[in-house]
Amino acid sequence: MNQQQSICSQAREKTRAKRAATQVFSFFTLRAAAFVNCAALVIACVFLFVNGIGALDIEFVLDSPREMMTSGGVFPCLVGTFLLAAGAIAIALPFGVACAVWLNEYGKQGPVVDIVRLSVANLAGVPSIVFGLFGLAFFVTALGFNVSLLSGILTLAVLTLPVIINTTEEALKQVPRSWRDASLALGATKSQTIGRIVLPSALPGILTGAILAVARAAGETSAVMFTAAVFYTPKLPESVWSSVMALPYHMYVLATAGTEIEKTRPMQYGTGLLLVVLVFAMNLIAILIRDKMQKKRLA
């Protein structure tokens with residue numbers, strides 16, 4: 001009997017040791033992956049900063065391109081990028097939240113909901129160039145919007161929609177079911193419960209999805225090069241029917257299609273650094289708004 005207990009004890013010790021070794025290896029792998037990602041981000045940002053800080057001054061930010069874009073600044077590109085990203089989020093966020101609410105709160109489990117979820121998951125993995133070609137075929141050509149700010153906004157809205165839907169649905173799932181039951185038990189309707197209990201509680205997660213969507217919309221090149229962005233225009237957009245310049249496309253043009261690529265190298269790095277700063281600023285503002293609203297809700 002004692003020998004049998006000893007064998008069992010040794011087996012348990014071996015199992016614990018194996019689990020401990022597996023846990024150590026897993027945590028090491030996760031830390032290594034996180035370190036590699038952070039290091040890559042830091043290296044890219046430092047590289048852009050070192051090579052682009054010399055071109056980044058007041059004239060570069062507030063002036064228009066001149067002399068076949070070999071001098072001047074990127075102010076029209078900056079304004080165009082901001083309008084495209086802000087307009088896309090303004091359209092995609094309400095539709096994305098509404099779709100997520102339907103999927104999580106109203107949609108009955110079945111083939112329809114499964115097909116919608118599968119479609120959203122597939123859209124999230126579609127390359128941006130496909131969205132650009134879709135925008136060209138549908139918004140620019142079929143609807144007759146031409147290459148304009150409106151076509152670019154609508155294309156980016158479609159592109160960012162899956163991100164918002166997925167993050168919003170996950171945020172809604174984190175709201176305890178008991179909160180819904182308590183609201184309904186007090187006499188509130190389902191729509192009142194969703195509007196006054198569920199959505200405010202899920203707001204931080206919803207804003208997180210909006211932040212991710214802003215970052216993706218502001219940095220897209222393929223989705224706007226066919227629908228909104230043009231090679232050069234010194235004027236700011238006068239309406240949604242005007243074409244615009246955009247920082248990602250401007251950087252692409254300078255690096256591949258310019259007349260003096262080597263001469264514009266500092267402008268390329270400066271444009272990239274400015275794009276990173278713009279995305280960081282937009283994300284920072286969204287994060288501050290999210291944190292402020294969350295603190296206000298908890299107070």
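Start where the axes of helix 3 (residues 75-106) and helix 6 (residues 149-173) come within 6 Å and cross at roughly 40°. Helices here are DSSP runs (H or I, at least four residues), numbered from the N terminus. Axes are lines fitted to C-alpha atoms, for helices over the stretch in contact, and angles run from 0 to 180 degrees between N-to-C directions. Helix 3 and helix 6 make a right-handed crossing, a term for a near helix turned clockwise from the far one by less than a right angle. In this contact you will find 21 nonpolar, six polar and three charged residues. For that count, Ala, Val, Leu, Ile, Met, Phe, Trp, Tyr, Cys and Pro are nonpolar, Asp, Glu, Lys and Arg are charged, and the others, Gly among them, are polar.

A word on the ground rules: this is a predicted model, in which local features need pLDDT of at least 70 and side-chain atom pairs count only at pLDDT 80 or more, while totals for chains, interfaces and linings use all residues. Residues are numbered from 1 along each chain as its sequence is written, and side-chain values use heavy atoms, with hydrogens and water left out.

Now stay with helix 6 and look for helix 5 (residues 128-142), which packs against it at an angle of about 135°, with the axes 9 Å apart. That angle makes helix 5 oblique to helix 6; angles under 35 degrees count as roughly parallel, over 145 as roughly antiparallel, 65 to 115 as roughly perpendicular and the rest as oblique. The crossing of helix 5 and helix 6 is right-handed.

Including V163 and I164 of helix 6 and G205, G209 and R216 of helix 8, the contact holds 13 nonpolar, five polar and one charged residue.

Finally, follow helix 8 (residues 190-218) itself: its end C-alpha atoms span only 36 Å, whereas a straight helix of 29 residues would span 42 Å at 1.5 Å a residue. The expected span is 1.5 Å times one less than the number of residues. Look for a kink of about 55° at L203, shortly before the proline P204; the bend is the angle between axes fitted to the seven residues ending there and the seven starting there.

Terms used. Helix = DSSP H or I, 4+ residues; strand = E, 2+ residues; numbered from the N terminus. Contact = heavy atoms within 4.5 Å.
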